[in-house]
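Hi everyone, thanks for coming. Please take a look at the model on the screen, and I'll walk you through some of its aromatic rings.

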Amino acid sequence: MFDFTGISRAYMERVFEAEIRAEEHLEAGQRKLLGSLLHAGARTEFGIDKGFANLRSYEEFAEKVPQTDYFMLRPYVMEMIGGKRDVLWPGRTRNFAQSSGTSDGKSKYIPLTQRSLKKGHYAGAAFSVASYLHYHRDSHIFGGKNFILGGSFANELQLPAGVKVGDLSATLINNINPVANLFRIPSKQIALMERWEDKLPALVEASIGADVRSLSGVPSWFLTVLREVLNRTGASSVHDVWPNLEVFFHGGIAFGPYRRQYEAITDNSRMRYWE
């Protein structure tokens, strides 16, 4: 496989520098962002109710828009899932991230607009990789594959056509820029499988022959996958399977409780962890 490290590093360095410049003017940037969000939401059901069109500053927003918990927002979100337009955001929202459950026994459903995916989740992921490359100049993660572990769209709702509800990671994988597929495994079909008992062996089969340079996912679930890779191959370290593996991009839960378990199955002189 062609090593895209040089090309990718130049692009990622620009991403890193742009983010650092933005942080130098953090308050001004946040006020500008709030203004654009209020403008975008002014004609929505929620925006009309809260008077977004008349708010001119953060101070006015903080004074006139009360803090709201999810319990109060749930009716709005369920309307959006049902296909209603212009509720919390302009137009129709078609993607929703599902939580594992709350104190009232009901899952939360978080609207994922195309703007939030592009400006939030994907931009954040890009900066994470960019910052890693900035501080580790010897990296060659783009010379091979990123092993991304995601969830699925399994849910118990009756959904209208075109609406998807599931794990946040499933939505991110499903909407990812096709260019990213040059650098990632497994295939989207395997990544979005619902039944874990079918998905786990498929993940192992798809990964053991690949040149994996980085891992991305939740520490608890990925630990299960890595242990199954070792069982399948008979190796004692994942670096025996993937000699070019250099970093685990992790999130979702705290990594601390899992660090020793990862150190037991990796070559610690070659492994890095990036939250």
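Let's start with Phe255, which is buried, with a relative accessible area of 6%. Buried here means under 20% relative accessible area, exposed means over 50%, and partly exposed is in between, using a 1.4 Å probe and protein chains only.

A quick word on the background. This is a predicted model, where local features need pLDDT of at least 70, side-chain atom pairs count only at pLDDT 80 or more, and totals for chains, interfaces and linings use all residues. Residues are numbered from 1 along each chain as its sequence is written, and side-chain values use heavy atoms, leaving out hydrogens and water.

Now, how many aromatic pairs does the structure hold? There are 17 aromatic pairs. Rings of Phe, Tyr and Trp (its six-membered ring) pair if their centres lie within 6.5 Å; planes under 30 degrees apart count as stacked, over 60 as edge-to-face and the rest as tilted.

One of the pairs is Trp196 with Trp221, and it is edge-to-face, at 4.9 Å centre to centre with 70° between the planes. Trp196 lies in helix 9 and Trp221 in helix 10, so this pair ties together parts 25 residues apart in sequence. Helices are DSSP runs (H or I, at least four residues), numbered from the N terminus. Trp196 is partly exposed at 25%, and Trp221 is partly exposed at 48%.

Back to Phe255: its ring centre is 6.1 Å from that of Phe248 and the planes are at 75°, so this pair is edge-to-face. Phe248 is buried, with 0% relative accessible area. Finally, ring pairs link Phe248 and Phe255 into a cluster that also includes Phe147, Phe222, Trp242, Tyr262 and Tyr273.

Note on methods:
Helix = DSSP H or I, 4+ residues; strand = E, 2+ residues; numbered from the N terminus.
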